[in-house]
Amino acid sequence: MTRDEISALLPFLANGTLEGDEKAQVEAALAEDTVLRDELRALRAIRATMQDEAEFTPGEMGLARLMRGVEAETAVAAAPRRTWIWQAAAAVLLAVAVGQAALTWRAPAPGGYELAGAGEAALSVAVAPGVSEEAFRALLLDAGVAIVGGPSALGLYDLAPSEGTDLAAARAALEASPLIDSVQSPED
């Protein structure tokens, strides 16, 4: 019998179910091999540990789970119900929120706030691929224009001249730059 076959029979010897000639061969191999003896000791320890654990039948486990559920429901039922307090607090908060929204939800007074970037676009530009945001920003500052919209779905930016900037000079500076693919105005 090979060592692998003997090793495969060790669990049967540990359980006490190995008999006859196979048992004699396994015991003879154990007398000569310390690794097999250590393996048998480990198998017997595992068997002892498993037998020491309490066994529960599925019915006992189900009953224990049922009892835990009943005890939890009893504890919840015994707790005082104060949901009306929370409902009243929620109603007060809702009334305050609706009142706040009604007071602040009115048309802005003339001369009030204006959307950022709401200026008229004088030029639309397409930026060349691979241009960094820093380089694009520096070009816009040098040309004296600011972004008032975009990028659009096509990648176009709407630009407006800053105060005191000549639009024709700004357009010429943008058209001369290798960072810009195209420059258009609404009149084009």
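Begin by selecting Asp38 and Arg41, which form a salt bridge with their closest N and O atoms 2.6 Å apart. A salt bridge here is a side-chain nitrogen of Lys or Arg within 4 Å of a carboxyl oxygen of Asp or Glu. The model is predicted, so local features need pLDDT of at least 70 and side-chain atom pairs count only at pLDDT 80 or more, while totals for chains, interfaces and linings use all residues. Residues are numbered from 1 along each chain as its sequence is written, and side-chain values use heavy atoms, with hydrogens and water left out.

**Stop 1: the salt bridges**

Asp38 and Arg41 are three residues apart in helix 3, and therefore about one helical turn separates them. Helices (H or I, at least four residues) and strands (E, at least two) are DSSP runs, numbered from the N terminus. Asp38 is partly exposed, at 42% relative accessible area, whereas Arg41 is exposed, at 53%. In these terms, buried means under 20% relative accessible area, exposed over 50%, and partly exposed in between, with a 1.4 Å probe and protein chains only.

By this rule, the count of salt bridges is four. Next, select Asp33 and Arg3, another such pair, with the closest N and O atoms 2.9 Å apart. Asp33 lies in the loop between helix 2 (20-32) and helix 3 (34-52), and Arg3 lies in helix 1 (residues 3-15), so this pair ties together parts that are 30 residues apart in sequence. Asp33 is buried, with a relative accessible area of 19%; Arg3 is partly exposed, with 41%.

Then move to Glu133 and Arg137, whose side chains meet in a salt bridge at 2.8 Å, N to O. These two residues are four apart in helix 6, and about one helical turn separates them. Glu133 is exposed, at 52% relative accessible area, and Arg137 is partly exposed, at 44%.

**Stop 2: helix 1 against helix 2**

Select helix 1 and helix 2 together. They pack at an angle of about 110°, with their axes 10 Å apart. Axes are lines fitted to C-alpha atoms, for helices over the stretch in contact, and angles run from 0 to 180 degrees between N-to-C directions. The two helices are therefore roughly perpendicular to each other, a label that covers angles of 65 to 115 degrees; under 35 degrees counts as roughly parallel, over 145 as roughly antiparallel and the rest as oblique. To display the contact, show Ile6, Leu9, Leu10 and Leu13 of helix 1 with Glu22, Lys23, Gln25, Val26, Glu27, Ala29 and Leu30 of helix 2. Contact means heavy atoms within 4.5 Å.

**Stop 3**

Now select the four strands that form an open sheet in the order 2-3-1-4, with antiparallel pairing. Two strands pair if DSSP finds at least two bridges between them. At the edges are strand 2 (145-149) and strand 4, each pairing on one side only. Neighbouring strands are turned by 35° against each other on average, direction ignored.

Four bridges join strand 1 to strand 3 (residues 156-161), and four join strand 1 to strand 4 (residues 180-184). Val125 has Tyr157 as its bridge partner in strand 3. Ser124 has Gln184 as its bridge partner in strand 4 and stands opposite Asp158 in strand 3.

**Stop 4: the nonpolar cores**

Finally, select Val125, Val145, Leu159, Leu174 and Ile180, the residues with the most contacts inside the largest nonpolar core, which has 14 residues. A nonpolar core is a set of buried Ala, Val, Leu, Ile, Met, Phe, Trp, Tyr and Cys residues joined through side-chain atoms within 4.5 Å. Strand 1, helix 6 (133-143), strand 3, helix 7 (167-176) and strand 4 each give two or more residues to this core, and helix 6 gives the most, with four.

Centre the view on Leu174. Leaving aside neighbours within four places in sequence, Leu174 is in contact with Leu123, Val125, Leu139, Leu140, Ala143, Val145, Leu159, Ile180 and Val183. A second, separate core of 11 residues includes Ile6, Leu13, Leu18 and Leu40.
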